[in-house]
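Hello,

Here is the structure I promised to pass on to you. Please have a look at it first, and then read my notes below.

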Amino acid sequence: MDRDKIKQAVSLFLEGIGEEKNREGLRDTPERIAHMCEELFEGYESDASAHLERTFSSGQKGLVVEKDITFFSVCEHHLLPFYGKVHIGYVPDGKVVGISKLARTVEVFARRAQIQEQLTNQIADAIMETLCPRGVIVMVEAEHMCMTMRGVKKPGTKTATVSARGCMEEPDRKQEFFWLLRGEV
């Protein structure tokens, strides 16, 4: 990440909106934004497969679900935040991954300029390609600040996306996943 370019861009942005970039409250803003960008976009420096490669042998044949994984990301269209929950289900094929590794996988992709549909697919693909389960399903529910604070201005509106691979594409398996999300099984 090029901190100097970020600081220059923020200075130009402040000038562009009519601000005095050297006033007391803004003097250190370019540096703060550069530091923030290192944190918000650290996913570009990470490889999701590194989190999914350490597995444990398991005879588990049923669906494993980890739900309500909180995430924060930045919309690539407006550079405004979107945030919500990710729910992941997978059917192991002889091996499972530590539960924190699924949350770490979410973080890798959420910490990039992103659209929700792509985020959902990237998580599903990474789990399928690295963990090699019989199937995986990922559901993302998020609120987008680009809809809340600008444009249509509809706070509280949530967008849901689902991506399924392997045996989780089967209707019965999908239904089982959604039942587990609602706590009905």
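Does Arg3 count as buried, partly exposed or exposed? At 23% relative accessibility, Arg3 counts as partly exposed. Please keep in mind that this is a predicted model.

**Salt bridges**

Lys7 has two partners. One is Glu31, at 3.1 Å from N to O. Since Lys7 lies in helix H1 and Glu31 in helix H2, the pair ties together parts that are 24 residues apart in sequence. The other is Asp4, at 3.8 Å from N to O. Lys7 and Asp4 are 3 residues apart in helix H1, which means that about one helical turn separates them. As for accessibility, Lys7 has a relative accessible area of 25% and is partly exposed, Asp4 is partly exposed at 47%, and Glu31 is partly exposed at 34%. Arg3, Asp4, Lys7, Glu31 and Glu38 are linked in a network of salt bridges. The count for the model comes to 9 salt bridges.

**Helix H5 and what follows**

Helix H5 covers residues 116-131, and its 16 residues should span 22 Å at 1.5 Å a residue; the end C-alpha atoms are 22 Å apart, which agrees. Its buried residues are Gln116, Leu119, Thr120, Ile123, Ala124, Ala126, Ile127, Thr130 and Leu131. Seen down the axis of H5, they fall within an arc of 160°, so they line one face of the helix.

Just after H5 comes Cys132, with a positive phi of about 55° although it is not a glycine. Cys132 sits in the loop between H5 and strand S6 (135-144), and counts as partly exposed at 42% relative accessibility. Asp68, in strand S2 (residues 64-75), also has a positive phi, near 60°.

**Strand S6**

In S6, 9 of the 10 residues are buried, so the strand is largely enclosed by the rest of the structure. S6 pairs with strand S3 (residues 81-91) in the antiparallel sense over 10 bridges, and Gly89 stands opposite Ile137 in S6. S6 also runs antiparallel to strand S7 (residues 159-166), joined by 8 bridges. There, Val140 has Thr161 in S7 as its bridge partner.

Enjoy exploring!

Best wishes

Conventions: Residues are numbered from 1 along each chain as its sequence is written. This is a predicted model: local features need pLDDT of at least 70, side-chain atom pairs count only at pLDDT 80 or more; totals for chains, interfaces and linings use all residues. Side-chain values use heavy atoms; hydrogens and water are left out. Helices (H or I, at least four residues) and strands (E, at least two) are DSSP runs, numbered from the N terminus. The expected span of a helix is 1.5 Å times one less than its number of residues. Buried means under 20% relative accessible area, exposed over 50%, partly exposed in between (1.4 Å probe, protein chains only). The arc is that of the directions from the helix axis to the C-beta atoms. Two strands pair if DSSP finds at least two bridges between them. A salt bridge is a side-chain nitrogen of Lys or Arg within 4 Å of a carboxyl oxygen of Asp or Glu.
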